Amino acid sequence: MQLHDVWFVLIAVLWIGYFFLEGFDFGIGVLTKPLARNTAERRVLINTIGPVWDGNEVWLLTAGGATFAAFPDWYATLFSGFYIPLLVILVCLIIRGVAFEYRHKRDGARWQRNWEEALFWTSLLPAFLWGVAFANIVRGVDIDAQKNYAGTLWDLLNPYALLGGLVTLALFTFHGAVFAALKTVGEIRERARKAALLSGLATAVLALVFLIWTQAAHGNGRSLAALIVAVLALVGALAANQLRREGWAFSLSGATIVAAVAMLFLALFPDVMPSTLNPEWSLTVSNAASSPYTLKVMTIVAAIFTPLVLLYQGWTYWVFRKRIGVQHIPGHDPAAQLDQA
């Protein structure tokens, strides 16, 4: 295996890690509106990801930086061709980060409600748009002989890509519901388990259609194996949720994301962005890669610092591993009537 193949695998791992972690992060944001019935419960949901959401986004920064350094032509074509959807995602992530920090800076109900509304929409939109983007990468886009994107924004909104967006939105919502059941106590935990069942069934229908479509159009033996793992993991997650085994349910919903995203990369390899205009104009791991010396230096740096980052992030999750409920919210009076905000 050559270094450009190694870095394709490493970038795939970074994106898988990002979607695994940010998946339940986005899911919690989406669930703040349908799952929480009052301000205290919304705070509980937000607090489940409060200590870790910013660490989860490090995986995105690393994936983007690694793509820029290891495959500059892939980075240039991707970020120029997908400029508008990626810009929308970036703006959402900025507003989302501000919402986490600003919502508790004032006590006014309207102030907090507006930031919580922003948190909902800036979780829902990226969850959908990431699926649209990756579905288009696998499907292929209009790339000309100069490695430039020659299509339009509307070309990205094709049925396959839109289905991919619905799949990631449903899957992340399911992942978030399972995480909420794992991290909370009381009534909100029970509602989270019911939400996981409903979103899980929706995910199963959408994902099965999308993954079979992907396998039929772009797949190979390796991607078929990943498809089978994804389906089995999703069925296992639904079963574990019904058996009230939240730890297993979360592990298996995470395994579903890992296998599904791995399937996309396995179906894509050795291309990194196929051209629908001419297969010879496709970007591949070889013609889009940096020099061997650059890849060698990057490999040494990654081997040193990646374990340190993983250890630190694992320690963070261990420290904040306990369940929380409305009784842990400062100033919450259990005897008071719940506000139906």
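A nonpolar core is a set of buried Ala, Val, Leu, Ile, Met, Phe, Trp, Tyr and Cys residues joined through side-chain atoms within 4.5 Å. In this predicted model, the largest such core takes in 102 residues, and the ones with the most contacts inside it are W15 and W130.

Leaving aside residues up to four places away in sequence, W15 touches L60, A63, T67, W130, F134 and F265. Two of these, W130 and F134, sit together in helix α7, 4 residues apart, or about one turn of the helix. Both W130 and F134 are buried.

Now for the rings. The structure holds 31 aromatic pairs. In one of them, the ring centres of F24 and F250 are 5.6 Å apart and the planes meet at 70°; an angle over 60 degrees counts as edge-to-face, so that is what this pair is.

Elsewhere, a charge gets involved with a ring: K33 lies over the face of F120, at 5.2 Å from the ring centre.

Helix α6 (residues 83-102) shows how a helix can keep one side covered. Helix α6 has 20 residues and runs 28 Å from its first C-alpha to its last, close to the 28 Å expected at 1.5 Å a residue. Its buried residues are P85, L86, I89, C92, L93, R96, G97, A99 and F100. Why do they end up on the same side of α6? They cover an arc of only 155° around the axis, and this puts them on the same side of the helix. What covers them includes α1 (3-31), α2 (39-49), α3 (53-56), α4 (58-70), α5 (72-81) and α7 (109-139).

Finally, a few spots in the backbone stand out. Most residues other than glycine have a negative phi, and most peptide bonds are trans. F269 and P270, however, are joined by a cis peptide bond, with omega at about 10°. P270 is in the loop between α11 and β1 (271-273). K147 isn't a glycine, yet has a positive phi of about 70°. This residue is in the loop between α7 and α8 (159-183), and K147 is partly exposed, with a relative accessible area of 28%. R244 isn't a glycine either, and has a positive phi of about 65°. R244 lies in the loop between α10 (221-242) and α11, where R244 is partly exposed at a relative accessible area of 44%.

Terms used. Residues numbered from 1 in each chain as written. Predicted model: local features only at pLDDT ≥ 70, side-chain atom pairs only at ≥ 80, totals over all residues. Heavy atoms only, no water. Helix = DSSP H or I, 4+ residues; strand = E, 2+ residues; numbered from the N terminus. Expected span 1.5 Å × (residues − 1). Buried < 20%, exposed > 50% of the residue type's maximum accessible area, 1.4 Å probe, protein only. Arc of directions from axis to C-beta. Contact = heavy atoms within 4.5 Å. Phe/Tyr/Trp six-rings, centres within 6.5 Å; stacked < 30°, edge-to-face > 60°. Lys NZ or Arg CZ within 6 Å of the ring centre and 35° of its normal.
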